[in-house]
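Please keep the sequence and the structure in view while reading.

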Amino acid sequence: MQKIHVKPGAKLQDYKAYGSLYSLVLDFLEQSKEAIASIQGSTIWMINSTAIGGGVAEMLPSQMRILRELGVSIEWLVIEAKDEAFFDLTKRIHNAIHGSGDGKFTPSDREVYEAVNKQNLPKALDLIADGDIVVVHDPQPMPLAAMLKKEKKVPIIWRCHIGLEENTGVTDAVWEFLSPYTDDYDHFIFSLPSYVPKSLKSKTSIIPPAIDPLSHKNRALQLHKSIGILYQSGVLDDHKAILYHRYNHLVRRIMPDGSFGSPNQNSNLNLIYRPFVTEISRWDRLKGFKELMEAFIKMKKENQAHGDPESLDYKRIQMTLLVMAGPDPAFVSDDPEGQAVLNELTKAYMALDPEMQNDIAILLLPLDNPKENALIVNALQRASSIIVQNSIQEGFGLTATEGMWKRKPLLVSGAAGLKFQVEHNKTGKINEDPTDIDSLSKTLAYMLNHTKERDKWGFNGQTRVIQHFTLFSQLISWLKVFEEQRLH
């Protein structure tokens, strides 16, 4: 188990300097006073499975900085595992909670699950004291609660960031596999009420995830800064007068033969000169990349077959680029499924004709430097015409919230977490079935060719994020839970 150092970042005065955030900060400071006073003398311990990549690792540093500024003692621990069987198992658990897979788990699965957590226990026992508060995130470290409770008098909370709206045979099976571990938790936190298993409802709070508006992934970028980041990362080739040198590790692109090359090696993306549609996620079948690519190709072919070559609508779709971006596998060693999904996308891409290949960019984003990775995502999102999250299932899509914050129109599937974020025809479009290629294709074309509506949706999206999805509203809810657990 590793203790994570959180670097300095934005302070409360920095958030207050933004007019749109000023009242949020004041409300937060007022509403958090009692809860903060009640947990003095205790340390909050956040435990998850990774310090880089994923929503938990993105949200924790900002939350911790703000709470520390207010005098709260809070620390972050990450479990460590070298057994590939553990990551295979926890990926299957993750998929099953989303209703995907066969839901079959064996006694040997349980042995691997508990063994890895037991290996991480000694460090946790050395650091955690009686009276502290422990928050365990997602399934990977879930067995730790029972182990900790044998040695320490601490309230323990399980925070689940994933879920499915309805019960299925697969979800019933995975919750049955996890049920031996739930008894040792004092409280549960889910993102949506529909994700909560019936057996846990009486001890559950609902806290939707949220973004930090001043993080590197979300901070405001002037036009020259965005262009500079796209050049530094290798996405752009043009080099006029750039303030900074290129990054040590550059974005790579899937080539027509399936190899990895520079983004402009085979054909120039001309990224800042043409409309483009973006989906950025990890390589996961549940993210709907393949279906999005099929819909994009269908839109292009329909336009060529039936559009008016003299019209602006025809030319706009003809020019549009699809960008699908995710982590570079060179920096991810513990996600074999991610590599398999990327291989599937690559195979489909290789089968396309050269003209269509030029209009689709599968980009691999380096993860060696979290700040640079966040800035690349930020710049890509800000340059996009439309941001897509075509998830088959999605507990809560931070990329959707990030896009709305940047005043970008969203096209999302009907996955529960996304429907909770995006308002249809107000902040973007909801295409209910992410596998309905015809409907997805038509929705893409409509959004591309209704530019004024895109502007309206983008403006409304940022307003919605300010009202519901910033870290301040989230922290108020967290502090109330901590206060209740401390009092118990």
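## Helices α8 and α13

Helix α8 (residues 223-232) and helix α13 (residues 370-383) have axes that come within 9 Å and cross at roughly 120°. Because of this angle, α8 counts as oblique to α13. The two helices form a left-handed crossing. On the α8 side, the contact is made by Ser226, Ile229 and Leu230; on the α13 side, it is made by Leu375, Ile376, Ala379, Leu380 and Arg382. The model discussed here is predicted.

Two quantities are used in this description. Packed helices are described by the angle between their axes and the distance between the axes.

## Helices α4 and α7

A second pair can be described in the same terms. The axes of α4 and α7 cross at roughly 130° and come within 8 Å. The two helices are therefore oblique to each other, and α4 passes α7 in a left-handed crossing.

Which residues of α4 meet α7? They are Ile93, Ala96 and Ile97. Their partners in α7 are Val170, Thr171, Val174, Trp175, Phe177 and Leu178.

Helix α5 covers residues 107-127, which is 21 residues.

Several residues of α5 are buried, namely Asp109, Val112, Tyr113, Val116, Asn117, Asn120, Leu121, Ala124 and Leu125. An α-helix has 3.6 residues a turn, so residues three or four places apart point the same way. What covers the buried residues of α5 includes α4 (84-97), α6 (144-149) and α7 (169-182).

## Two threonines

Thr106 lies in the loop between α4 and α5. With a relative accessible area of 36%, Thr106 is partly exposed. Along the chain, Thr106 and Phe177 are 71 residues apart, while their C-alpha atoms are separated by 8.9 Å. Phe177 belongs to the α7 residues that meet α4.

Is Thr346 buried or exposed? Its relative accessibility is 8%, so Thr346 counts as buried. This residue lies in helix α11 (residues 336-350). When neighbours within four places in sequence are left aside, Thr346 is in contact with Ile254 and Gly258.

## Two residues with positive phi

Most residues other than glycine have a negative phi. Two exceptions are considered here. Asp138 has a phi near 65°, a positive value in a residue that is not glycine. Asp138 is placed in the loop between β4 (133-137) and α6. Its relative accessible area is 13%, so Asp138 is buried.

Asn425, which is not a glycine either, has a positive phi of about 65°. Its place is in the loop between α15 (416-421) and β15 (428-431). Asn425 counts as partly exposed, because its relative accessibility is 36%.

Key. Residues numbered from 1 in each chain as written. Predicted model: local features only at pLDDT ≥ 70, side-chain atom pairs only at ≥ 80, totals over all residues. Heavy atoms only, no water. Helix = DSSP H or I, 4+ residues; strand = E, 2+ residues; numbered from the N terminus. Expected span 1.5 Å × (residues − 1). Buried < 20%, exposed > 50% of the residue type's maximum accessible area, 1.4 Å probe, protein only. Contact = heavy atoms within 4.5 Å. Axes fitted to C-alpha atoms, helices over the stretch in contact; angles between N-to-C directions. Parallel < 35°, antiparallel > 145°, perpendicular 65-115°, else oblique. Left-handed = near helix turned anticlockwise from the far one by under 90°.
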